[in-house]
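Grab a pencil and work through these exercises with the structure open beside you. Try each task yourself before you read the solution.

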Amino acid sequence: MNNVYDGHVYLGKILIENGVINSQQLEDALKIQKETGRRLGDILISIGACSQEAIADALAVQMGLNRAPEGFWENPPDPSVKGEIARKYKFFPLKLENGKLHVAISDPLNITTIDESRYVTGYKIIPEIATQTEIDRAIRRWYGISSDESLGIEEGFDDEDAEEDNAEGPTVRAVIDIINGALSERASDIHIEPRKDATLVRYRIDGALRDIMRMPKKMHYSIVSRIKVMAGLDIADRRVPQDGRIKLREPHEIDLRVSTLPTTLGEAVVLRILDKSRVLPKLEVLGYEGEDLSRIRRAIGMPYGLVLLTGPTGSGKTTTLYAALSEVVTPSINVITVEDPPEYELEGIRQVAVNVKADLTFATALRSILRQDPDVVMIGEIRDSETAKIAVQAAMTGHLVLSTLHTNDVASAPARLVDMGVEPYLVASCLLCVVAQRLVRRVCHECAEPYQPPVDSPVWGFLNTNGTPAVSLKHGRGCPSCGRTGYRGRIAIVEVMTASREIRELIRQNSTADKIRDLAVRDGMTTLLENARSKALEGITTPEEAMRVASSFD
């Protein structure tokens, strides 16, 4: 975001008056700003208090400027400005009117940019407030890397036969555009896929893939080679899958996990984005509430034992673990984590990155960690028998151990540990709590509106309202903030099982997951299905989205 509103309580007042944030959220953001020096708007966005669009709306009010028209990126730019100028000064030319150039810009008080733009274009600049994401989206669409001319690629260029440095300029620029675009769109993954006539770039946003841009087929080899060079991979070997990592320092510290896969049309590349600048959300913001929140907090407040987070890949387990970990970190305890790789930076803890090439696995790292006098140990994932046994041993010998496990629900977790070779009585002795988690897309806050599904819709059976209209149901009509999808952001649906004395006894007897689940429900556990239904009825997500995710565990 921009410097205009940093520390300006007046901007916060506008956001409060607009009903976008509350005073507590502003107070929390100002406290983080004081500690970190980060921009206030960035902080409000990163803690989930508001969107970039809401900041831009408030900024326009504060400065008495027009907000750029909704969906302006869908219209072509004014032809009086060349693409390289728009790229350099990070604005988008909207229209030329009476010798005045109206531009969408995110930082209208950047006098240097305004003055240089006026000098280069020869027109008086009239700024209209937009988010940098909206501007980048417009630039990618109309000046983007799908244009051979804008990339300076000569006709007849054949990247299959080209050396990397022959197209270094356009290739480097293309890769930067792809990565910056993913960051501005809040993407978790970047897919670069070879097709017959082009290369398709897709971003995974809020769990769903979106087509972003198509590049000339002749660029594919140089793009992939550039990424492989950055990740330290072998560019000459295109016949086997490869994995690597890229560390970026700008615009802030970001880790990219790179995976290549040979296909019949060329190498496909996927980059997983690990943004180290993300502000860690609280458990309440993630979707934990009521008795579920109380149960997990009681478990992490214990001096020793095992707390497990279960769910498929990409269900937010690590984020929840860190949110829980942040609540127990104090100067009086020693907290150590072992991960592959560390996804968050948390003050006051020591983090160990797994390095398989150096024989630093979860198990070997865990053995060394236990000799470092830890109070709390967080293991990124229990993958094998050796790690499982050491984790259980640590939990039984005076350490609080937090980890993740791949199972479908909470009741299956004890059996999974037993399958890994841990004796049932040991699991029963150390287990404190198991949490199962999935993610559903939130209804976009900017365009949410009440609605009722058709009478014959299958969602009524899922909602189980016995035909009674559910007045709190909402969906998003689609707006610039959510990319016309109706969804923005995600929230966890959860079930939390506390290991009561009766449940421990069932685990000790190596009972089935069904028996453990039945007892947990009788003990008051809210199931994943019930939690998904509740969030739909509250209007947090749509019933269609809740039912889609719930179909995986119903």
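**Exercise 1. Find out which residues Cys-479 touches, leaving out residues up to four places away in sequence.**

Solution. Keep in mind that you're looking at a predicted model.
- Step 1: list the partners. Cys-479 touches Cys-444, Glu-446, Cys-447 and Arg-484.
- Step 2: Cys-479 sits in the loop that links β17 (474-476) and β18.
- Step 3: check how covered it is. Buried means under 20% relative accessible area. Cys-479 has 8% relative accessibility, so it counts as buried.
- Step 4: Glu-253 is 226 residues away from Cys-479 along the chain, and their C-alpha atoms are 30 Å apart.

**Exercise 2. Decide whether helix α21 is mostly covered or mostly open, and name what covers it.**

Solution. 
- Step 1: count. α21 runs over residues 528-537, and seven of its 10 residues are buried, so we call this helix mostly covered.
- Step 2: name them. The buried ones are Leu-528, Leu-529, Asn-531, Ala-532, Arg-533, Lys-535 and Ala-536. Notice that Arg-533 and Lys-535 are on that list, and that Lys and Arg count as positive.
- Step 3: look for the cover. It includes the helices α12 (290-300), α18 (459-463) and α22 (543-550), along with the strands β15 (431-443) and β18 (487-498).
- Step 4: step just past the helix. There Gly-539 has a positive phi of about 85 degrees.

**Exercise 3. Work out whether the radius of gyration of the protein agrees with that of a compact globule.**

Solution. 
- Step 1: For 554 residues, a compact globule would come out near 24 Å.
- Step 2: compare. The protein has 26 Å, which agrees.
- Step 3: Along the principal axes, the C-alpha atoms fill a box of roughly 80 × 60 × 55 Å.
- Step 4: look inside. Of the 554 residues, 53% count as buried. Among contacts with a separation of 6 or more, 65% are between residues 24 or more positions apart.
- Step 5: The protein has 22 helices and 18 strands.

**Exercise 4. Describe the chain over residues 370-384.**

Solution. 
- Step 1: check the record. An unreviewed UniProt entry places the feature "domain: Bacterial type II secretion system protein E" at these residues.
- Step 2: read the chain. Residues 370-384 are 0% helix and 27% strand.
- Step 3: go end to end. The end C-alpha atoms of this stretch are 18 Å apart.

Terms used. Residues numbered from 1 in each chain as written. Predicted model: local features only at pLDDT ≥ 70, side-chain atom pairs only at ≥ 80, totals over all residues. Heavy atoms only, no water. Helix = DSSP H or I, 4+ residues; strand = E, 2+ residues; numbered from the N terminus. Rg over C-alpha atoms; globule rule 2.2 N^0.38 Å. Buried < 20%, exposed > 50% of the residue type's maximum accessible area, 1.4 Å probe, protein only. Contact = heavy atoms within 4.5 Å. UniProt positions renumbered as here; feature names shortened; annotations may be inferred.
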